[in-house]
Amino acid sequence: MAPADDVSSSISTVCVMDASGRLGSGLVGRLLQQGYSVHAAVQNYGEEQFDELSFDKKDKLKIFYTDPFDYQSIADALKGCSGLFYSYEPPHDQPNYDEFMAEMEARAAHNVLEACAQTDTIDKVVFTSSATAVVWRDDVKLLSSDLDEKHWSDINFCRKYKLWHGLSKTLAEKAAWALAMDRGVSMISINAGLLLGTDVTLSNPYLKGAAEMYEDGVFVTVDLKFLVDAHINAFEDISSYGRYICFNHVINRHQDAMELAKMITPSDPSPPPQRSEEDIRIIPQKISNKKLNKMMVDFASKNDEMDQLL
């Protein structure tokens with residue numbers, strides 16, 4: 001690996017893996033807009049999401065077909081890149097999360113981080129994890145402080161209640177951190193809330209246990225633009241470190257829950273309006289994103305100062 005100090009001088013080419021999903025394709029588009037050359041690593045399905053890019057942007061885009069269980073395909077996509085934005089998309093032939101998926105995702109994370117350790121040009125990895133790797137534990141309401149980056153979901157708790165998304169994200173992120181620290185890979189993790197969009201349905205594995213997250217004050221969501229900005233800021237900010245919980249909405253009011261339910265089940269008839277104590281109850285928020293917000297404000301301030309000097 002190249003020394004971490006070289007990040008600012010060699011950020012022209014980065015890899016996005018998996019670039020097939022909403023976050024991945026969103027990152028590809030934004031990175032190209034900001035002048036990066038991008039290796040878009042997709043699985044063996046679809047690259048049509050890049051068809052709308054202008055020709056001048058496509059000149060800086062290379063598409064690689066990768067398999068997270070094929071080390072050589074990962075290494076090929078990383079070649080010549082100074083950074084990696086990594087998120088895991090389940091295979092099309094097994095889209096549902098279960099206990100087996102947790103093992104697959106952890107193994108994929110290990111493979112990718114090992115490839116980064118073996119790639120001389122990689123300076124930094126931004127690893128997309130989930131808030132479900134933070135919130136699943138039986139003592140949330142007993143904690144004297146909010147959940148933050150130092151907290152992890154309890155693996156045994158996830159297994160007991162079949163919270164496979166939380167189990168998968170926790171095991172994968174822990175595998176990535178273990179290898180990154182062992183092999184000297186500079187890594188940041190973004191623990192994202194539920195990514196909102198028209199494709200969110202009740203079958204989304206993040207929503208398993210949504211009622212419990214709501215009652216515990218830890219049900220959080222994030223918009224695509226905010227999530228993309230957080231990833232790029234974390235990559236470009238030389239002072240970023242560790243884990244960042246990423247969300248810009250908290251579902252802790254009855255109205256919030258109803259609006260989300262309407263978004264994910266648009267064909268269901270809306271319940272008649274009614275007023276009750278439940279309607280006006282606000283559940284205390286028990287999760288914090290202060291670390292992320294500080295990084296994004298500080299990073300924006302540094303950029304403003306640089307713009308004034310130029």
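Which hand does the crossing of α4 and α6 have? I looked it up, and the crossing is right-handed. For the term, a crossing is right-handed if the near helix is turned clockwise from the far one by less than a right angle, and left-handed if anticlockwise.

**Ground rules.** I am working on a predicted model, where local features need pLDDT of at least 70, side-chain atom pairs count only at pLDDT 80 or more, and totals for chains, interfaces and linings use all residues. Residues are numbered from 1 along each chain as its sequence is written, and side-chain values use heavy atoms, leaving out hydrogens and water. Helices (H or I, at least four residues) and strands (E, at least two) are DSSP runs, numbered from the N terminus.

**Helix pair.** I checked α4 (residues 99–117) against α6 (residues 164–183): the angle is about 20° and the axes are 8 Å apart. That makes α4 roughly parallel to α6, a label for angles under 35 degrees. Axes are lines fitted to C-alpha atoms, for helices over the stretch in contact; angles run from 0 to 180 degrees between N-to-C directions.

I then listed the contact (heavy atoms within 4.5 Å). On the α4 side I noted, among them, Met 101, Ala 109 and Leu 113. The α6 side includes Trp 164, Leu 171 and Arg 183. The contact residues divide into 14 nonpolar, two polar and five charged. Here Ala, Val, Leu, Ile, Met, Phe, Trp, Tyr, Cys and Pro count as nonpolar, Asp, Glu, Lys and Arg as charged, and the others, Gly among them, as polar.

**Sheet.** I traced an open sheet of seven strands with parallel pairing, in the order β3-β2-β1-β4-β5-β6-β9. Strands pair if DSSP finds at least two bridges between them. β3 (61–65) and β9 (242–246) each have a single partner strand, so one side of each is left without a neighbour in the sheet. The twist averages 20° from one strand to the next.

I followed β1 (residues 13–17) to β4 (residues 83–86): they pair in the parallel sense over four bridges. Met 17 stands opposite Tyr 86 in β4. Helix α8 (residues 224–236) packs on the sheet, and its direction makes about 165° with that of β6.

**Aromatics.** A search of the whole structure gave me six aromatic pairs. Rings of Phe, Tyr and Trp (its six-membered ring) pair if their centres lie within 6.5 Å; planes under 30 degrees apart are stacked, over 60 edge-to-face, the rest tilted. Phe 85 and Phe 235 are tilted, at 5.3 Å centre to centre and 55° between the planes. Phe 85 is in β4 and Phe 235 in α8, 150 residues apart.

**Backbone.** The Met 17 to Asp 18 peptide bond is cis.

Terms used. Parallel < 35°, antiparallel > 145°, perpendicular 65-115°, else oblique.
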